[in-house]
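Subject: Structure handover

Hello,

Here is the structure we talked about, with its sequence. My notes follow below it.

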Amino acid sequence: MYTIAVIDDDIFIGDMLEKALSKEGYRVIRAYSGTEALLLLERRSPDLILLDLMLPGLSGEQVIEKISDIPVIVVSARTSVDDKVTLLTGGAVDYVTKPFDIRELMARISAQIRAAENQREKSREAKMLIFEEIRMDLETREVSVEGKPVHLTPTEFAVLKQLMRNPEQVATKSRILDAISMDTPDCTEGSLKIHISNIRKKLKKQDGQDHIEAVWGIGFKMKR
(Lines give C-alpha, C1' and ligand atoms only; values in the text may rest on other atoms or scores of the structure.)
Protein backbone atom coordinates (compact mmCIF):
# COMPACT_ATOMS: atom_id res chain seq x y z
CA MET A 1 0.00 0.00 0.00
CA TYR A 2 1.41 3.37 -1.05
CA THR A 3 1.35 6.30 1.38
CA ILE A 4 0.34 9.79 0.27
CA ALA A 5 1.05 12.87 2.40
CA VAL A 6 -1.61 15.57 2.06
CA ILE A 7 -0.19 18.93 3.17
CA ASP A 8 -2.99 21.49 3.09
CA ASP A 9 -4.51 23.78 5.73
CA ASP A 10 -7.94 23.67 4.04
CA ILE A 11 -9.82 21.07 6.11
CA PHE A 12 -12.54 20.57 3.50
CA ILE A 13 -10.08 19.90 0.65
CA GLY A 14 -7.90 17.72 2.87
CA ASP A 15 -10.87 15.61 3.96
CA MET A 16 -12.05 15.27 0.37
CA LEU A 17 -8.59 14.18 -0.78
CA GLU A 18 -8.22 11.71 2.08
CA LYS A 19 -11.58 10.13 1.28
CA ALA A 20 -10.80 9.84 -2.44
CA LEU A 21 -7.28 8.50 -1.87
CA SER A 22 -8.44 5.96 0.72
CA LYS A 23 -11.07 4.75 -1.74
CA GLU A 24 -8.28 4.13 -4.27
CA GLY A 25 -6.36 2.06 -1.72
CA TYR A 26 -3.79 4.63 -0.60
CA ARG A 27 -2.75 5.23 3.00
CA VAL A 28 -3.04 8.93 3.87
CA ILE A 29 -1.06 11.04 6.33
CA ARG A 30 -1.73 14.74 6.81
CA ALA A 31 -0.17 18.01 7.87
CA TYR A 32 -1.84 21.41 8.11
CA SER A 33 1.13 23.81 8.07
CA GLY A 34 4.60 23.99 6.60
CA THR A 35 6.25 23.48 9.98
CA GLU A 36 4.04 20.49 10.78
CA ALA A 37 4.82 19.06 7.35
CA LEU A 38 8.56 19.04 8.00
CA LEU A 39 8.05 17.42 11.41
CA LEU A 40 5.84 14.78 9.78
CA LEU A 41 8.41 14.07 7.05
CA GLU A 42 11.12 13.60 9.67
CA ARG A 43 9.13 10.66 11.05
CA ARG A 44 7.51 9.30 7.92
CA SER A 45 8.61 8.82 4.32
CA PRO A 46 5.54 8.81 2.04
CA ASP A 47 5.61 7.64 -1.55
CA LEU A 48 4.19 10.94 -2.82
CA ILE A 49 3.27 14.37 -1.43
CA LEU A 50 0.33 16.59 -2.36
CA LEU A 51 1.46 20.08 -1.35
CA ASP A 52 -0.47 23.32 -1.10
CA LEU A 53 1.58 26.51 -1.41
CA MET A 54 -0.31 28.92 0.83
CA LEU A 55 0.36 27.30 4.19
CA PRO A 56 0.60 28.87 7.65
CA GLY A 57 4.11 28.95 9.05
CA LEU A 58 6.49 27.86 6.33
CA SER A 59 5.18 28.27 2.79
CA GLY A 60 4.88 25.44 0.32
CA GLU A 61 7.89 26.84 -1.54
CA GLN A 62 9.97 26.64 1.63
CA VAL A 63 8.77 23.11 2.34
CA ILE A 64 9.63 21.80 -1.11
CA GLU A 65 13.20 23.06 -0.70
CA LYS A 66 13.57 20.62 2.21
CA ILE A 67 12.21 17.60 0.34
CA SER A 68 14.38 15.18 -1.63
CA ASP A 69 13.74 11.77 -3.19
CA ILE A 70 9.95 12.02 -2.78
CA PRO A 71 7.78 13.12 -5.74
CA VAL A 72 5.77 16.27 -4.98
CA ILE A 73 2.60 17.32 -6.77
CA VAL A 74 1.77 20.95 -6.04
CA VAL A 75 -1.99 21.51 -5.61
CA SER A 76 -2.56 25.27 -5.52
CA ALA A 77 -5.05 27.99 -6.38
CA ARG A 78 -2.27 30.00 -7.97
CA THR A 79 -2.62 30.01 -11.74
CA SER A 80 0.43 32.05 -12.70
CA VAL A 81 2.59 30.43 -15.35
CA ASP A 82 5.66 31.83 -13.59
CA ASP A 83 4.64 30.07 -10.36
CA LYS A 84 4.20 26.79 -12.22
CA VAL A 85 7.53 27.05 -14.02
CA THR A 86 9.37 27.99 -10.82
CA LEU A 87 7.92 25.05 -8.86
CA LEU A 88 8.40 22.51 -11.66
CA THR A 89 12.01 23.52 -12.14
CA GLY A 90 12.53 23.71 -8.38
CA GLY A 91 11.61 20.16 -7.48
CA ALA A 92 7.91 19.49 -8.05
CA VAL A 93 7.03 16.72 -10.51
CA ASP A 94 3.59 18.15 -11.36
CA TYR A 95 1.35 21.18 -10.72
CA VAL A 96 -2.41 20.95 -10.39
CA THR A 97 -4.53 24.10 -10.15
CA LYS A 98 -7.47 24.35 -7.74
CA PRO A 99 -10.29 23.70 -8.30
CA PHE A 100 -9.35 20.36 -9.87
CA ASP A 101 -11.07 17.30 -11.22
CA ILE A 102 -10.49 14.51 -8.70
CA ARG A 103 -10.28 11.85 -11.44
CA GLU A 104 -7.54 13.77 -13.23
CA LEU A 105 -5.63 14.23 -9.96
CA MET A 106 -5.87 10.49 -9.20
CA ALA A 107 -4.53 9.72 -12.68
CA ARG A 108 -1.61 12.10 -12.16
CA ILE A 109 -0.85 10.58 -8.75
CA SER A 110 -0.88 7.08 -10.23
CA ALA A 111 1.43 8.14 -13.06
CA GLN A 112 3.95 9.75 -10.72
CA ILE A 113 3.99 6.76 -8.36
CA ARG A 114 4.62 4.44 -11.31
CA ALA A 115 7.42 6.70 -12.51
CA ALA A 116 9.00 6.77 -9.04
CA GLU A 117 8.73 2.99 -8.73
CA ASN A 118 10.37 2.53 -12.15
CA GLN A 119 13.18 4.85 -11.08
CA ARG A 120 13.70 2.89 -7.86
CA GLU A 121 13.78 -0.35 -9.85
CA LYS A 122 16.43 1.07 -12.18
CA SER A 123 18.43 2.17 -9.16
CA ARG A 124 18.21 -1.33 -7.67
CA GLU A 125 19.27 -2.88 -10.97
CA ALA A 126 22.28 -0.55 -11.13
CA LYS A 127 23.43 -1.99 -7.81
CA MET A 128 22.97 -5.58 -8.97
CA LEU A 129 25.03 -7.68 -11.40
CA ILE A 130 23.24 -10.69 -12.87
CA PHE A 131 24.62 -13.51 -15.00
CA GLU A 132 22.48 -16.60 -15.58
CA GLU A 133 21.52 -17.69 -12.04
CA ILE A 134 24.28 -15.70 -10.32
CA ARG A 135 23.25 -12.56 -8.46
CA MET A 136 25.78 -10.08 -7.07
CA ASP A 137 24.57 -7.21 -4.90
CA LEU A 138 27.21 -4.47 -5.10
CA GLU A 139 25.78 -2.65 -2.10
CA THR A 140 25.51 -5.51 0.40
CA ARG A 141 28.33 -7.50 -1.26
CA GLU A 142 26.17 -10.62 -1.25
CA VAL A 143 26.46 -13.29 -3.95
CA SER A 144 24.03 -16.10 -4.64
CA VAL A 145 23.46 -18.88 -7.17
CA GLU A 146 19.85 -19.97 -7.64
CA GLY A 147 19.08 -18.08 -4.45
CA LYS A 148 21.71 -19.97 -2.44
CA PRO A 149 24.33 -17.75 -0.77
CA VAL A 150 27.95 -18.01 -1.86
CA HIS A 151 30.53 -16.82 0.65
CA LEU A 152 33.45 -15.12 -1.13
CA THR A 153 36.54 -13.46 0.27
CA PRO A 154 36.99 -9.73 -0.54
CA THR A 155 39.48 -10.62 -3.29
CA GLU A 156 37.20 -13.29 -4.77
CA PHE A 157 34.31 -10.83 -4.76
CA ALA A 158 36.42 -8.20 -6.53
CA VAL A 159 37.56 -10.68 -9.20
CA LEU A 160 34.07 -12.04 -9.86
CA LYS A 161 32.71 -8.49 -10.08
CA GLN A 162 35.13 -7.71 -12.91
CA LEU A 163 34.11 -10.84 -14.80
CA MET A 164 30.38 -10.19 -14.35
CA ARG A 165 30.58 -6.54 -15.44
CA ASN A 166 31.32 -7.68 -19.01
CA PRO A 167 30.39 -11.38 -19.04
CA GLU A 168 30.65 -11.77 -22.81
CA GLN A 169 34.17 -10.37 -22.98
CA VAL A 170 37.44 -12.03 -22.06
CA ALA A 171 39.04 -10.24 -19.13
CA THR A 172 42.82 -10.33 -19.37
CA LYS A 173 44.81 -11.08 -16.26
CA SER A 174 46.40 -7.63 -16.33
CA ARG A 175 43.03 -5.91 -16.66
CA ILE A 176 41.61 -7.82 -13.69
CA LEU A 177 44.67 -7.05 -11.57
CA ASP A 178 44.58 -3.35 -12.49
CA ALA A 179 40.85 -3.12 -11.73
CA ILE A 180 41.10 -4.70 -8.28
CA SER A 181 44.48 -3.25 -7.29
CA MET A 182 42.95 -0.52 -5.07
CA ASP A 183 40.79 -2.99 -3.12
CA THR A 184 43.11 -5.99 -3.10
CA PRO A 185 46.71 -4.87 -3.69
CA ASP A 186 48.04 -8.22 -2.48
CA CYS A 187 46.63 -10.13 -5.47
CA THR A 188 49.28 -11.15 -8.02
CA GLU A 189 49.15 -12.93 -11.37
CA GLY A 190 50.15 -16.12 -9.62
CA SER A 191 47.54 -15.89 -6.88
CA LEU A 192 44.86 -14.77 -9.35
CA LYS A 193 44.64 -18.31 -10.73
CA ILE A 194 44.07 -19.62 -7.21
CA HIS A 195 41.33 -17.07 -6.56
CA ILE A 196 39.63 -17.92 -9.87
CA SER A 197 39.80 -21.63 -9.00
CA ASN A 198 38.24 -20.99 -5.60
CA ILE A 199 35.45 -18.91 -7.11
CA ARG A 200 34.66 -21.63 -9.66
CA LYS A 201 34.45 -24.27 -6.94
CA LYS A 202 32.20 -22.17 -4.71
CA LEU A 203 29.81 -21.33 -7.55
CA LYS A 204 29.76 -24.89 -8.86
CA LYS A 205 28.97 -26.23 -5.40
CA GLN A 206 25.57 -24.50 -5.56
CA ASP A 207 24.26 -25.72 -8.92
CA GLY A 208 26.84 -28.14 -10.34
CA GLN A 209 27.68 -25.78 -13.21
CA ASP A 210 31.06 -24.33 -14.16
CA HIS A 211 30.47 -20.59 -14.58
CA ILE A 212 33.99 -19.39 -15.45
CA GLU A 213 36.20 -20.49 -18.29
CA ALA A 214 39.87 -19.86 -18.97
CA VAL A 215 40.81 -18.52 -22.39
CA TRP A 216 44.27 -19.91 -22.98
CA GLY A 217 47.00 -17.29 -23.00
CA ILE A 218 44.58 -14.37 -22.53
CA GLY A 219 42.48 -14.48 -19.36
CA PHE A 220 39.03 -15.50 -18.15
CA LYS A 221 35.36 -14.98 -18.97
CA MET A 222 31.96 -16.04 -17.71
CA LYS A 223 30.66 -19.28 -19.19
CA ARG A 224 27.09 -19.90 -20.27
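Contact here means heavy atoms within 4.5 Å. Keep in mind that this is a predicted model.

Leaving aside neighbours within four places in sequence, Ile212 is in contact with Leu160, Leu163, Ile196, Ile199, Arg200, Leu203, Phe220, Lys221, Met222 and Lys223.

**Cores**

Ile212 also belongs to the largest nonpolar core, which has 26 residues. Together with Leu160 and Leu163, Ile212 touches the most other members. Which elements give two or more residues to this core? They are strand 6 (128–131), strand 7 (134–137), strand 8 (142–145), helix 6 (154–165), helix 7 (173–180), helix 8 (189–207) and strand 12 (219–222). Helix 6 gives the most, with six residues. As background, nonpolar side chains tend to be buried together in soluble globular proteins.

Four strands form an open sheet in the order 6-7-8-9, and the pairing is antiparallel. Strand 6 and strand 9 (148–150) are the edges, each pairing on one side only. On average, neighbouring strands are turned by 25° against each other, direction ignored. Strand 7 and strand 8 run antiparallel and are joined by four bridges. In that pair, methionine 136 stands opposite valine 143 of strand 8.

Two helices to look at here:

- Helix 6 packs on the sheet and touches strand 6, strand 7 and strand 8. Its direction makes about 115° with that of strand 7.
- Helix 8 packs on the sheet too, touching strand 7, strand 8 and strand 9. Its direction makes about 170° with that of strand 9.

**Helix 6 and helix 8**

How do these two helices sit against each other? Their axes come within 10 Å and cross at roughly 80°. Angles of 65 to 115 degrees count as roughly perpendicular, so helix 6 is roughly perpendicular to helix 8. Helix 6 makes the contact with Thr155, Glu156, Val159, Leu160 and Leu163. From helix 8 come Leu192, His195, Ile196, Asn198, Ile199, Lys202 and Leu203. By class, this contact has seven nonpolar, three polar and two charged residues.

Best wishes

Key: Residues numbered from 1 in each chain as written. Predicted model: local features only at pLDDT ≥ 70, side-chain atom pairs only at ≥ 80, totals over all residues. Heavy atoms only, no water. Core = buried A, V, L, I, M, F, W, Y, C linked by side-chain atoms within 4.5 Å. Buried < 20%, exposed > 50% of the residue type's maximum accessible area, 1.4 Å probe, protein only. Pairing = 2+ DSSP bridges. Axes fitted to C-alpha atoms, helices over the stretch in contact; angles between N-to-C directions. Parallel < 35°, antiparallel > 145°, perpendicular 65-115°, else oblique. Nonpolar A, V, L, I, M, F, W, Y, C, P; charged D, E, K, R; others polar.
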